[in-house]
4 protein chains.
Amino acid sequence: MKKIRMGMIGGGFGAFIGDAHRRASRICNDFELVGGVFDVDYEKSKLFAKNEGIAPERCYKSVDALIAAELAMPADKRMEVVAIVTPNALHFSFAKDLMTAGFHLVCEKPMTMTVEEALELEEIVAKTKLTFALNHTYTGYPMIRQMRDLISKGVLGTIQRIDAQYYQGWINSIIHGTDSRITGVWRLDPKHTGASSCMGDIGVHAFNLIEYTTGLEIKEVLSDLNPVKEGIKLDLDGTVLLRFHKNLKGVIRASQVCGGVENGLTIAVYGSKASLRWGQENPNYLYMLSDTEPTKIYKPAHSYNEPLAEAGQTMPCGHPEGIYEAMANIYKGTAKSIRGEEFTAGEFPTVHDGVRGMKFIHSVVKSNKEGNVWVKI
Amino acid sequence: MKKIRMGMIGGGFGAFIGDAHRRASRICNDFELVGGVFDVDYEKSKLFAKNEGIAPERCYKSVDALIAAELAMPADKRMEVVAIVTPNALHFSFAKDLMTAGFHLVCEKPMTMTVEEALELEEIVAKTKLTFALNHTYTGYPMIRQMRDLISKGVLGTIQRIDAQYYQGWINSIIHGTDSRITGVWRLDPKHTGASSCMGDIGVHAFNLIEYTTGLEIKEVLSDLNPVKEGIKLDLDGTVLLRFHKNLKGVIRASQVCGGVENGLTIAVYGSKASLRWGQENPNYLYMLSDTEPTKIYKPAHSYNEPLAEAGQTMPCGHPEGIYEAMANIYKGTAKSIRGEEFTAGEFPTVHDGVRGMKFIHSVVKSNKEGNVWVKI
Amino acid sequence: MKKIRMGMIGGGFGAFIGDAHRRASRICNDFELVGGVFDVDYEKSKLFAKNEGIAPERCYKSVDALIAAELAMPADKRMEVVAIVTPNALHFSFAKDLMTAGFHLVCEKPMTMTVEEALELEEIVAKTKLTFALNHTYTGYPMIRQMRDLISKGVLGTIQRIDAQYYQGWINSIIHGTDSRITGVWRLDPKHTGASSCMGDIGVHAFNLIEYTTGLEIKEVLSDLNPVKEGIKLDLDGTVLLRFHKNLKGVIRASQVCGGVENGLTIAVYGSKASLRWGQENPNYLYMLSDTEPTKIYKPAHSYNEPLAEAGQTMPCGHPEGIYEAMANIYKGTAKSIRGEEFTAGEFPTVHDGVRGMKFIHSVVKSNKEGNVWVKI
Amino acid sequence: MKKIRMGMIGGGFGAFIGDAHRRASRICNDFELVGGVFDVDYEKSKLFAKNEGIAPERCYKSVDALIAAELAMPADKRMEVVAIVTPNALHFSFAKDLMTAGFHLVCEKPMTMTVEEALELEEIVAKTKLTFALNHTYTGYPMIRQMRDLISKGVLGTIQRIDAQYYQGWINSIIHGTDSRITGVWRLDPKHTGASSCMGDIGVHAFNLIEYTTGLEIKEVLSDLNPVKEGIKLDLDGTVLLRFHKNLKGVIRASQVCGGVENGLTIAVYGSKASLRWGQENPNYLYMLSDTEPTKIYKPAHSYNEPLAEAGQTMPCGHPEGIYEAMANIYKGTAKSIRGEEFTAGEFPTVHDGVRGMKFIHSVVKSNKEGNVWVKI
């Protein structure tokens, strides 16, 4: 199938989320990165483009330049979609300009800085009928999709409580100065981050998962936010009470100062008949609790799952998706060896490992055949 | 950096492991698939090549044809490495021919059918000095690499017992005929599979992990294998007693008939001072047990890890590597939308989700600011 | 050591918490149940007393009668302590009368119906200097005591967030009428239960664990409670925002309508240096999370624990405390056999199991001695 | 109900297993300890008896003396059952003498030193028709009983593999001399321990659980045992291959040198339709795995369990049985306070905790009533 030609705004050297977008687009194999504006520093941007194997003439100085040049190209060469992976404050104007010019968009979250901007974008999408995908990554997990489908089929009975959490601890190293490797102080500056740090960066994921999995809308919130330390201008921690409708309440808890917590995003939806729980750190496990039956664990790659969950599944059951990365590590080591670069023993298995393996298999078969006796390898 | 030009033997439509190799090579981003022999049926092979966007003239009828044509190309266009992902019985002759012709190799396991073939390959590698990577995927996991490094530093004291397991249950559906979707009966035929089914297919992974993580060689084995059912010609289950040296023994347990077990590969190395345990289904957790200290859980993406473990790590801690696949699922849905294909609500987050998110963030900030009062979204 | 003579108010046939008090007092072996008022129905009370092997003359008609009669006995025969395990509304007046008469007390929670009663009891305790123990069971777990001691030593750094949860689902069967076995509708009646169902019954445990483990006082609360269903007069669900001091906030979540949740009491205290997490359903695991070190799991019966945690420990590590109940089940089956009552095969291991075991051990030793050969059992 | 009069041989000061027997018998509440021979040192034995509140005249010098004196007592006073909790080598002769004299028995395992002794005991039991209970504690767990019943109902289909493990690490501290607190060197002496250390002490539990849960008999074994260190005369580690019948094989792995493992007893039975797995360290979780359905977790105190599993259950679901020990710890602290002994703050909750709890409940109710506002506690 022909690949979709993709551009990228942001995501140059050292940008973790831009790299993630490129990897994701390579895994699904429907996109080809053909150009972009990778860095505000044009020289760095060009170096990065060269490194990625992108034609130099499609590494642009600005988004305006990109739009002008790409529109001038024939339709079958022109960029079709652009991924915006810049800091939050830049999302809106780039998105607006690109969609107005006719490009589909993938955009990092939070989508904009204000509600007004968000509504304006919504109007543009409606008018242009272009594809606009917001990168709420966690909705891509098979078991989150299974959760959504199970709930929509009514297996939980009446939903009676909803509870989502997103706890992290990494901002400790910034506010307490304990890890000089961590940068990102801009995240504590309202000018770059917007109205909120903790809720804007991670609380909104918990919010999104609630609405995604349940299909319900949160009607009202009451919040208590905490800057945690003197001199911090934004929330690093908070709790939000939720109201869905009469008799259904819930809570979102989010924090960036939970020392030692890695990426504690969890969601639980409790019903009169059964409940569902999921946590991002072990994304292949969806727990269904019931008052009358044994707890059930749903996992990906099983025929008992709904189609949307299975659509995202490419490995047999029991192989966590991360297995591709394990294999990629072996390919990485192999590439180093082929290129004549230095590498460590253990970066990829060699022919000697193959010999050992064959000896193992044949010794084992021999031992069994000869009546369970010891055989030398 | 210039990508390495890769070919592939096997891996056409429906081949799960070939697809995994392509995904892995795209993730690490050091390779570019330029040609191959994807199927014994040349028509299918060509269709597959077209689908993958490969130049038709580099989709070959046979390995011989591939070798001849590629050698005729200038060095800076020629294929550099070939991935062999065919059934086991074909590995050896293809590997031999390709290496002799000067190609680097990535080869699926088990490497060959016999020990003699394995030794012959080892000689060829030594002579040609080409890179030969055997795909023991599990050695690519960061925590397996951490385990290897911790053991080599001696933190376990004297190793006193080694225990590895590889249990699966999927062959039940074949031998008991319970799932017509599953094919693969060729695996029960010694002609295609070799001397062993269970030990050759999965036991050898347990064997490899033991030697990889400990740096020890298994000297002798005593095995008891089980075909489990009348009429089965190969082992589907077995236990192997291991001897390393005087006073160090161990065991490998492997089975394909453990009903309901997904992919139960585990390894445990027990020492006089401490022990290490790892399981493939939760590959980000490495447990260190000690008689005198709290159990410790090592996880990827932490500065306390050894360099080799961290080298394989691209996400911040707490994001299981599978997160790239989650994001790839979102890209997949986006691609469908851009191409005008059908898709389900929920395949990717839209601008409306963005609007909801912005409303959430601003309502939360407002509620807090106004003294923890209810605010409508 | 001489046992302390104990009486009991409430706890007759069918009373689960009274039975738990008696078991607990027998395990610690410092108490002897000598009398009480076990049921409002005097005939039932007498039958129960007989069953427990209690002297009939010490099974009293009322608490007043108990006080009068026991005070008339010589000091070395007289009841020393009384356990109050009645419904909530009766705690206060019985406690007041008994302490005034000079008896030590163990009292179920919640202690009283109102704050005024609670303060009055506090005064009486101060005046009489008698022992008053409130049964917050969860403070008896070794790992909760370890948590308290670790926090008091400052290992967490600055505490930055506190989060406790108590979720259950059993009240679903009452409000939705799905399990006729469950009684306890009185719990939904404010007259018997007091001002609150969910917060009074279980939220208060979460509250108690927070203050117990951290040594901090909660200064202010903001709550949102939910009766969940039309016609219910009390809260069955709720969230409570907590304020400890400037810059330290937290949350208590409690619910009785979380379908399928068994007894989900958890506490987490997050600090600038590290965090601690514990859950009641796996009470032997205390997790310490850190940004810079592997997660640690503290378990009972290890020399690395603080003295208070170890004081509660009687089994070697790895035997969950419930092992006594397992052994008690075997004793129970044995008792049935001795009394000539009916029992099922499998209620206790017999001499035949002993014979099998000896054959196993000796066959195993023989097989090894003779060079790892098969030996018949 | 009248309690059964019990005696005990062994189990004096410092004897951990004797203490466990007494606790277990007090929990089930069907037994009353009336006498015994608690120590070979008569003075220590008497002191121990006094401490336990046992009549001095029923603390005997020897088993012979006990038999003589008890037989001389009237039937309604006489000891009915005796628990033998001495070192292994003494079990047989005491058991023989006591049964011959007409006493029921509870006996620690391993039952005897030799197979011949075991068979002789079996004959005595058959002749006398007395109750003989061997203390295989683990068969008392509700979920082991549930496992047995599920298997006997055939839910697993054809059993295809059986795998049990019993790993511990504590003997490291003896053989490597790292923990001077640990005594028990007699366990390494064949005279006191018998033919085997590891297999006799713990392997036999794995063996027993296999036969208990499956109802199958192991027909043949092939073993490989390991003394692990120079100078050790017994096995501290080993693997045993098992044969049940044609096409059914299995393995027992046992070790006392697995550094840091606490009490790793596990059993797994794999079938053509489903499999069951249980581990002693989390005894309330029984996992049922299936190729076609979500994994199920069975837990105690649910109506879906079989009667034998539920018979052993006294707490509502979600309260691990160890909760009695938690409550016993609170009773312990209370006893210290009543006796005027020293105790630590935190050993039991006081009236002040009760006051705090009442304030919490009423503040929470008030906050909610007044429209979710902050209320001071």
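Mentor: Start with the elements. A helix is a DSSP run of H or I with at least four residues, a strand a run of E with at least two, and both are numbered from the N terminus. The model is predicted: local features need pLDDT of at least 70, side-chain atom pairs count only at pLDDT 80 or more, and totals for chains, interfaces and linings use all residues. Residues are numbered from 1 along each chain as its sequence is written, while chains are lettered from A and ligands numbered from 1 in the order in which they are written.

Trainee: Where is Asn29(B), then?

Mentor: Asn29(B) sits in the loop between helix 1 (16-28) and strand 2 (31-37) of chain B. Its phi is positive, about 70°, although Asn29(B) is not a glycine.

Trainee: Is Asn29(B) buried, exposed or partly exposed?

Mentor: Count C-beta atoms, placed from the backbone, within 10 Å of the residue's own: 20 or more others mean buried, 12 or fewer exposed, and anything in between partly exposed. Asn29(B) has 19, so it is partly exposed.

Trainee: Why does Val228(D) count as buried?

Mentor: Val228(D) has 24 C-beta neighbours inside 10 Å, so it counts as buried. Val228(D) also has a positive phi, about 75°, and is not a glycine. Look for Val228(D) in the loop between strand 7 (220-226) and strand 8 (237-245) of chain D.

Trainee: What makes strand 9 (residues 248-255) of chain B largely enclosed?

Mentor: Eight of its eight residues are buried, so the rest of the structure largely encloses strand 9 of chain B. Leu248(B), Gly250(B), Ile252(B) and Ala254(B) point one way, Lys249(B), Val251(B), Arg253(B) and Ser255(B) the other.

Trainee: Which way does strand 6 of chain B run beside strand 9 of chain B, parallel or antiparallel?

Mentor: Parallel, with seven bridges joining strand 6 (residues 159-167) of chain B to strand 9 of chain B. Two strands count as paired if DSSP finds at least two bridges between them. One of these bridges puts Ile162(B) with Gly250(B). Strand 8 (residues 237-245) of chain B runs antiparallel to strand 9 of chain B, through eight bridges. In that pair, His245(B) stands opposite Leu248(B). Strands 8 and 9 of chain B form a hairpin with two residues between them, and Asn247(B) in the turn has a positive phi of about 75°.

Trainee: What is the order of strands in the open sheet of chain C?

Mentor: The five strands follow the order 2-1-3-4-5, and the pairing is parallel. Strand 2 (31-37) and strand 5 (132-134) of chain C are the edges, as each pairs on one side only. Inside the sheet, four bridges join strand 1 (residues 4-9) to strand 3 (residues 81-84) of chain C. Met8(C) stands opposite Ala83(C) there.

Trainee: Which residues have the most contacts inside the largest nonpolar core?

Mentor: Leu105(A), Leu105(B), Leu105(C) and Leu105(D), in a core of 474 residues. Such a core is a set of buried Ala, Val, Leu, Ile, Met, Phe, Trp, Tyr and Cys residues joined through C-beta atoms within 7 Å. Beyond its neighbours within four places in sequence, Leu105(C) contacts residues including Val81(C), Ile84(C), Leu98(C) and Phe132(C).

Trainee: Why do we say that chains A and C meet through the same surface?

Mentor: 97% of the interface residues of chain A are also interface residues in chain C, so the surface is the same. In that interface, 34 residues of chain A are in contact with 34 residues of chain C. Strand 9 of chain A gives the most to the side that touches chain C, with four residues.

Trainee: What kind of peptide bond joins Lys109(A) to Pro110(A)?

Mentor: A cis bond, with omega near -5°. Pro110(A) lies in the loop between strand 4 (104-107) and helix 5 (115-128) of chain A. Lys109(D) and Pro110(D) are joined by a cis bond too, with omega about -5°.

Definitions and conventions
Two residues are in contact if their C-beta atoms, placed from the backbone, lie within 7 Å.
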